[in-house]
Amino acid sequence: MDSIRIHTAEMSEAAAALHAGDRVLLSGTVYTARDAAHKRIFAMLDKGEPLPFELCGASVYYAGPTPTPPGLPIGSCGPTTSSRMDVFAPRLLDLGLKCMIGKGNRSQAVVDAIRRNKAVYLCAIGGAGALAAQCVRSLEVIAFEELGCESVKRLEFEDFPLLTAIDCHGGSLFGG
């Protein structure tokens, strides 16, 4: 099976064409955000404050990269368990988030929000963070630096290997 090359700038259009099981090579800007960052982003939304990045059309990777070794743009950056962000995901999808990247199944509320917003959930290979790091060309901390590995980072991907896990047509690798 061939992989589909997608640039994050085209994710809004590309998400609608993806189906569960499609292999994806993702390039472009992706933001990291885990539990602590999501809590802060929600507080900012509730207060009407500007967010660290534009949600509309964005791709978020549930990852907390390890410290960056000398001479490399990033340390190991494998996915974290996505279900920990399920309480946050529907609202972010309704505000324009188009792509989530992580590992594991999602709640029915997230699946419904993916369908409603014509978004997509892609899975990265767990346990292969050092291999995945080879597809990251740059890293910049853009918010919540004091959170360390859980800070929000802007990454630039080049052909980052992913699998379409939940599509906007009702398809899922997890059944149901």
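This is a short walk through the structure above, from its overall build down to single residues.

The model is a predicted one: local features need pLDDT of at least 70, side-chain atom pairs count only at pLDDT 80 or more, and totals for chains, interfaces and linings use all residues. Residues are numbered from 1 along each chain as its sequence is written, and side-chain values use heavy atoms, with hydrogens and water left out.

Let us begin with the overall build. The chain holds five helices and seven strands; helices here are DSSP runs of H or I with at least four residues, strands are runs of E with at least two, and both are numbered from the N terminus. If you follow the sequence, these elements come in the pattern β-α-β-α-β-α-β-α-β-α-β-β. The chain is as compact as a globular protein of its length, because its radius of gyration is 15 Å, close to the 16 Å that the globule rule gives for 176 residues. That radius is taken over C-alpha atoms, and the rule is 2.2 Å times the number of residues to the power 0.38. Along the principal axes, the C-alpha atoms fill a box of roughly 40 × 40 × 25 Å.

How much of the chain is buried? Of the 176 residues, 51% are buried, where buried means under 20% relative accessible area, exposed means over 50%, and partly exposed lies in between (1.4 Å probe, protein chains only). The chain exposes about 7,900 Å², and carbon and sulfur atoms supply 54% of that area; such areas come from the Shrake-Rupley method with a 1.4 Å probe, and for residues only the protein chains shown count as cover. Contacts tell us about the fold too: among those between residues at least 6 apart in sequence, 61% join residues at least 24 apart. A contact means heavy atoms within 4.5 Å.

Now for a closer look at charged side chains. Side chains of opposite charge can pair when their charged atoms come close. A salt bridge is a side-chain nitrogen of Lys or Arg within 4 Å of a carboxyl oxygen of Asp or Glu, and by this rule the count is nine.

One of them joins Arg5 and Asp159, with the closest N and O atoms 3.0 Å apart. Arg5 lies in strand S1 (residues 3-7) and Asp159 in strand S7 (residues 152-166), so this pair ties together parts that are 154 residues apart in sequence. Arg5 is exposed, at 58% relative accessible area, while Asp159 is partly exposed at 23%.

Another salt bridge is formed by Asp35 and Arg84, at 2.7 Å from N to O. Asp35 sits in helix H2 (residues 35-47), and Arg84 in the loop between strand S3 (59-61) and helix H3 (89-94), 49 residues apart. Asp35 counts as buried at 18% relative accessibility, whereas Arg84 is partly exposed at 34%.

Arg154 and Glu140 also pair up, with their closest N and O atoms 2.5 Å apart. Here Arg154 belongs to strand S7 and Glu140 to strand S6 (residues 136-143), 14 residues apart. Arg154 is partly exposed at 25%, and Glu140 is partly exposed at 41%.

Finally, find Ala89 in helix H3. Is Ala89 buried or exposed? With 1% relative accessibility, Ala89 counts as buried. Leaving aside residues up to four places away in sequence, Ala89 touches Tyr62, Met100, Arg106 and Val110. Ala89 and Val111 are 22 residues apart in sequence, with their C-alpha atoms 9.6 Å apart in space.
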